[in-house]
There are 2 protein chains.
Amino acid sequence: MHIEIINTGTELLLGNVQNTHGAWLGRELFRLGLRVARQITIPDGAVIESTLGESVRRSDVVIVTGGLGPTSDDITREATAAVLGCELIEDEAALRSLENFFAIRKKVMAPTNRKQAQAPVGADVLPNGNGTAPGIYVPPRLNPVRPCAIFLLPGPPRELYPMFHAEVEPRLRALAGVAADRGMLELKFTGVGESDFHQAIDDKLAAIEGMEYGYCARISEVDLRLIGSAAAVAQGRAVAVAAFGGYLISEDGNSLESVVIGMLRKAHLTLATAESCTGGLVASRLTDVPGASEVFTHGFVTYANRAKSEQLGVKESDLQQHGAVSEEVARQMAEGALRVTAVDVAVSVTGIAGPTGGTPEKPVGTAWLALARKGHDTVTEKVFHLRDRNGFKKAVSQSVLDLIRRHIATDT
Amino acid sequence: MHIEIINTGTELLLGNVQNTHGAWLGRELFRLGLRVARQITIPDGAVIESTLGESVRRSDVVIVTGGLGPTSDDITREATAAVLGCELIEDEAALRSLENFFAIRKKVMAPTNRKQAQAPVGADVLPNGNGTAPGIYVPPRLNPVRPCAIFLLPGPPRELYPMFHAEVEPRLRALAGVAADRGMLELKFTGVGESDFHQAIDDKLAAIEGMEYGYCARISEVDLRLIGSAAAVAQGRAVAVAAFGGYLISEDGNSLESVVIGMLRKAHLTLATAESCTGGLVASRLTDVPGASEVFTHGFVTYANRAKSEQLGVKESDLQQHGAVSEEVARQMAEGALRVTAVDVAVSVTGIAGPTGGTPEKPVGTAWLALARKGHDTVTEKVFHLRDRNGFKKAVSQSVLDLIRRHIATDT
C-alpha cells in the first residue's frame, strides 16, 4: 500500500518550527504495519493543488495536514475538490458544530469560518473536538483519478492526534485489511546497546511469523518495537525478555524517571540526590514526573569541592588524595546525603563532563556513582560515557536513575 | 529562485528519527534571503532517481541529503548521473582523501568505500573533513534537463553542517546573487511576548528597505531574525532595541544560561540556587554551559518542606502560616542559601507545577522567586506561567535566570 504524507505550512520551510507531523504519522502508521513512501512539505497556498494531484496519481492513501483554517491561504479543501473535479458543499452537521464551538466560548463566529464547514460532495466530515477545522475523508470510490483515499487533517497537534486515532486509524485498518488484533508493543531498555540486540536476538525475532520489529536508539536507551498479531508479539516479547530482561525499563512507554518514581512510591521509600557532574539533571528528570514530591525530598548540586564538604561532609583529605572524581568521594557524597537528610535511599554522582578537566588517568567521560541506603552496604559503580557535554549529562543521569531502579528491583 | 530539498533515509519515514535537516537547511537558506519551495523525504533506494528528476524539472537548485554512503542502498550518486545522462568517474583527489581517512584511523578501506570517490563528469567534489562521503556539486551548465544546480550532501549532521557552510553557501550566494554584506542577526528576548513585538514595532520593521524579518517564539523566549544588508539590519536592530532593549538576552545566538554564566564570570560573582518547583532545572541549565564551575558552586533542590527548613533554615512557622509557595518562603530560601554557602548571589524559586496542588488563591502556575545578595536588599518577584508541568518548569527556570541577568545588568 503506497502512502504519501503532505504537510502544508510556510513556517515548516523557514526553519522556525520543526515538522514533527511527519515523524509522528510515520510512527503511527508503522504501528499498523504500514509504511510511508514519501513525505512532502510545501508552503501554504496554491501549490497544494498540483502536489496533491501528483501524490494521488502515485498513491493508495494520501494524508494532508494543515490548510483547513479560515484564512485566505488555507485552501486544502478547495484544492482537493479541484483534484477530484467535484463541488464543495456545506455540511450541515459541520456548520452546527462550528457554531457550537463559538457559542460555548461566547465568541462570535467570523464569516470566514463558515467555509470550514464545506466538504467535497460525498466525503465524510471528521469531527474535531479540539478546534474549529473538521477533517475530511474522501473514500477511494469518489476519486475519479485513481482509487486513492484522501484524508485532510488539521495542523495543530492537539487537534491532529486525537482525530487520527478516532477517525483515521479505523478507516486505515479497514482500507489496508489490518488484522483486528494487530498491535504494537514498545519495550524500553537501558544499559545495553542496539548492537547487543542485533547479535543476540535479531535472528530469533526475524524468525517469528507475522511479526515485524524495529529499534529506536536514544541516548543510553534502546526501544524495541514489536508489531504484529497479539500472539506473535507475545512470542517476540518472550525472546527479548529472556535475553535482556534485566535491562528492561518499561513495556508501556513510561520513561525511566517515571518508573523509578513509581517503584519508590510502591516501596514507600524516600530519595535524596547528590550531584556533581550532572548538575541537577537527575533531580530535574525526577521532578518531571507528577507525584515526585511524595518520594523525592532533597537534592544537592555540589558542583564545587567546597560544596561537597560543606553540604555532604566529604572529607577534604579524600578530595585532595583521590580527587573529586573518585569512588571514595562518590561514596561519601551518597552516605553524606543519607545522613544529612534521613531519607531511605541516597544516590550520588561525580564525573568529568568536559570539554576540559580530563587527564590521562581520568579522561573526560569518566563518572563514579554511588547508592547508599539505611542498613545496606553502599554500592559504587564506575561508568564512562564519552559524548558532548549535554549528551554526557543525559547519559550519566540515565545511569544514576538505573542504579536506583536495579537496586529496588533486586532488593524488594 | 525555486529551491527544493530532498532528504533520503528510510528511518526518517518510520518515525524513529526526527528529520531535522529540513528545518536546519530552511533556516540557513532563510539567512541568505532564500526560501525552500518544497521539502521531500523518501526512503533509501531506487525512488531517488524519479524524485530527483521531478525536482530538477521544477527547480533552480536541488539539495539532496543522504545516500552517499558505501552500502548498496546508497545510490544518490548513481541516480544523479542517470538524471543528468552522464557517466560517473573516479575523482583522484577524492580517492586519495578517502584512503587517507582510513589510513589516519589505522583501518583498512573496504572495496565498497571506493565508489564514494566517484562523481558525475565535470562536477565538483566537495571535501568532507568529518566522514568518508565527499559531497558533489553539479553546476547548472552541466544539467541537460534544465539549468538547475544540484548539491549532494552527506546525511550525518556533523558532516552536513560544516560542508554546507564551507562549500554550499558560497556557491549559493553566487548563484542567487546574494549581496556580499547580506546577513542575519538573531536577537533573543525574554519576558516579552511575540504579540508585543507585533503591536509595537512590526510597522517600523516592515518599513525598512531591503530587510526581511521573522519571529520564532519558544517557551518564554522570542527570537527576532533580521535579514538583509548590514545597514538595513543595523536599522532594524535599533528599532527593536529602542522598544525592547531591557528584555534583550543576546545578539549572537547565546542562550540565557550562557549569558548569565558569562555575566557572573565577568563580574567575579559566585552563585547558589535554591529550587523547589523547578526541581533542579535551573542548576541543570546553568551547568549545561562549559565553564559553569567557575561561578556556580552550590545548588539545593528543597522539594519537601522539611528540606527547606533543614537545608536553608526556612522557619517552619512561616511555612505553616504563609505556605511553601509564598513571598516569605522564597525570600528565606534565597537568604538561607546565601548564608549557608557564602556565595555572592543566591536565587530561589517556589511554586505550583501541577497538575495537582493548586487552590483558588494560589492556582497551578503560581511561583515566587527571590534573589539575595551580600550587602543588598533581597528582591522578590511573583510570576505566573500556566502550562503543562514541563512547560511550567521551563518557563519558571527562564524567569529565575532572567532575574539574575537583570540584577547583574542593572547593578554592575
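1. Basis. This is a predicted model: local features need pLDDT of at least 70, side-chain atom pairs count only at pLDDT 80 or more, and totals for chains, interfaces and linings use all residues. Residues are numbered from 1 along each chain as its sequence is written, while chains are lettered from A and ligands numbered from 1 in the order in which they are written.

2. The sheet. Chain B holds an open sheet of four strands, in the order S10-S11-S9-S12, with antiparallel pairing. Strands are DSSP runs (E, at least two residues) and helices are runs of H or I, at least four residues, both numbered from the N terminus. Two strands pair if DSSP finds at least two bridges between them.

3. Edges and twist. S10 (211–218) and S12 (248–250) of chain B each have a single partner strand, so one side of each lacks a neighbour in the sheet. From one strand to the next, the twist averages 30°. Axes here are lines fitted to C-alpha atoms, for helices over the stretch in contact, and angles run from 0 to 180 degrees between N-to-C directions.

4. S11 and its partners. Seven of the eight residues of S11 (221–228) in chain B are buried, meaning that 20 or more other C-beta atoms, placed from the backbone, lie within 10 Å of a residue's own. S10(B) pairs with S11(B) over eight antiparallel bridges. There, Cys216(B) stands opposite Asp223(B). The hairpin of these strands has two residues between them, and Ser220(B) takes a positive phi near 55°.

5. S9. Seven bridges tie S9(B) to S11(B), again antiparallel. Phe189(B) faces Val222(B) across this pairing. Two bridges join S9 (183–189) of chain B to S12(B). Lys188(B) stands opposite Ser250(B).

6. The chain contact. 47 residues of chain A are in contact with 46 residues of chain B. Contact requires C-beta atoms, placed from the backbone, within 7 Å. Elements of chain A that each supply at least two residues to its side include H2 (21–31), S10 (211–218) and H14 (389–411). S14(A) gives the most, with seven residues. The side of chain A divides into 20 nonpolar, 21 polar and six charged residues. Nonpolar means Ala, Val, Leu, Ile, Met, Phe, Trp, Tyr, Cys and Pro; charged means Asp, Glu, Lys and Arg; the others, Gly among them, are polar.

7. Pairing across chains. S14(A) and S14 (296–302) of chain B pair in the antiparallel sense over five bridges. Gly299(A) has Val301(B) as its bridge partner.

Note on methods:
A residue is buried if 20 or more other C-beta atoms lie within 10 Å of its own, exposed if 12 or fewer, and partly exposed in between; C-beta atoms are placed from the backbone. Two residues are in contact if their C-beta atoms, placed from the backbone, lie within 7 Å.
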